[in-house]
Amino acid sequence: REKLYEVQMDKSVSRAVLIVKPNYLSIYSYGSLEAEATFFEALRKMESSFLAIDFKNDNYGWLNPTKQMELA
């Protein structure tokens with residue numbers, strides 16, 4: 001069963017929705033990165049091994065990398 005969490009920032013047009021499923025998390029955001037960053041910061045404090053993948057823009061990276069890596 002999935003759980004939904006939502007953050008909307010008052011001072012900007014920024015909104016993010018976190019969907020928690022048994023095997024993965026999904027974040028959908030709109031506007032600036034402010035609301036999305038709120039979820040990422042909370043996740044980073046809980047666990048350092050989250051890999052974030054932005055399928056739309058082909059970006060990826062660890063939320064809290066242990067060391068910087070260059071992937072070519």
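Visitor: Why does Arg 44 count as partly exposed?

Guide: Its relative accessibility is 28%. Buried means under 20% relative accessible area and exposed over 50%, with partly exposed in between (1.4 Å probe, protein chains only). So 28% puts Arg 44 in the partly exposed class. Before we go on: this is a predicted model, where local features need pLDDT of at least 70 and side-chain atom pairs count only at pLDDT 80 or more, while totals for chains, interfaces and linings use all residues. Residues are numbered from 1 along each chain as its sequence is written, and side-chain values use heavy atoms, with hydrogens and water left out.

Visitor: What makes Glu 41 and Arg 44 a salt bridge?

Guide: Their closest N and O atoms are 3.2 Å apart. A salt bridge needs a side-chain nitrogen of Lys or Arg within 4 Å of a carboxyl oxygen of Asp or Glu, so this pair passes. Both residues sit in helix α1, 3 residues apart, which means about one helical turn separates them. Glu 41 is partly exposed as well, at 33%.

Visitor: How many salt bridges does the structure hold?

Guide: There are 3. One of them joins the side chains of Glu 2 and Lys 21, at 3.5 Å from N to O. Glu 2 comes in the segment before β1 (3-9) and Lys 21 in the loop between β2 and β3, so the pair ties together parts 19 residues apart in sequence. Glu 2 is partly exposed at 39%, and so is Lys 21 at 29%. Glu 6 and Arg 15 also form a salt bridge, with closest N and O atoms 2.5 Å apart. Glu 6 has a relative accessible area of 47%, hence partly exposed, and Arg 15 gets that label at 31%.

Visitor: How do you know which stretches are helices and which are strands?

Guide: They're DSSP runs, numbered from the N terminus: helices are H or I with at least four residues, strands are E with at least two. By that count the chain has 1 helix and 5 strands, in the order β-β-β-α-β-β.

Visitor: What makes Ser 26 buried or exposed?

Guide: Its relative accessibility is 16%, so Ser 26 counts as buried. Ser 26 lies in strand β3 (residues 25-31). Leaving aside residues up to four places away in sequence, Ser 26 touches Val 17, Leu 18 and Ile 19, where a contact means heavy atoms within 4.5 Å. Across the chain, 17% of the 72 residues are buried.

Visitor: Which residues make up the largest nonpolar core?

Guide: Val 7, Ala 16, Leu 18, Ala 35 and Phe 39, so 5 residues. The label asks for buried Ala, Val, Leu, Ile, Met, Phe, Trp, Tyr and Cys residues joined through side-chain atoms within 4.5 Å. β2 (14-20) and α1 (34-46) each supply at least two residues of this core. As background, nonpolar side chains in soluble globular proteins tend to be buried together. Phe 39 touches Tyr 5, Glu 6, Val 7, Ala 16, Val 17, Leu 18 and Ile 27, again not counting residues up to four places away in sequence.

Visitor: What makes something a pocket and not a cavity?

Guide: Whether the probe can get out. On a 1 Å grid over the protein atoms alone, a cavity is a set of points where a 1.4 Å probe fits but cannot get out, whereas a pocket is an open set with protein on both sides within 12 Å along at least five of seven lines. Lining residues have an atom within 4 Å of a point.

Visitor: How much space lies in the largest pocket?

Guide: About 810 Å³. Grid points are joined across faces, edges and corners, and the volume is the space filled by probe spheres set on the points. The lining has 23 residues, the closest to the centre being Ile 27, Phe 40, Ala 52, Ile 53 and Asp 54. β3 gives the largest share of the lining, 6 residues.

Visitor: Why is Asp 58 called exposed?

Guide: Its relative accessibility is 64%, so Asp 58 lands over the 50% cut-off. Asp 58 is in the loop between β4 and β5, and has a positive phi of about 55° although it is not a glycine.
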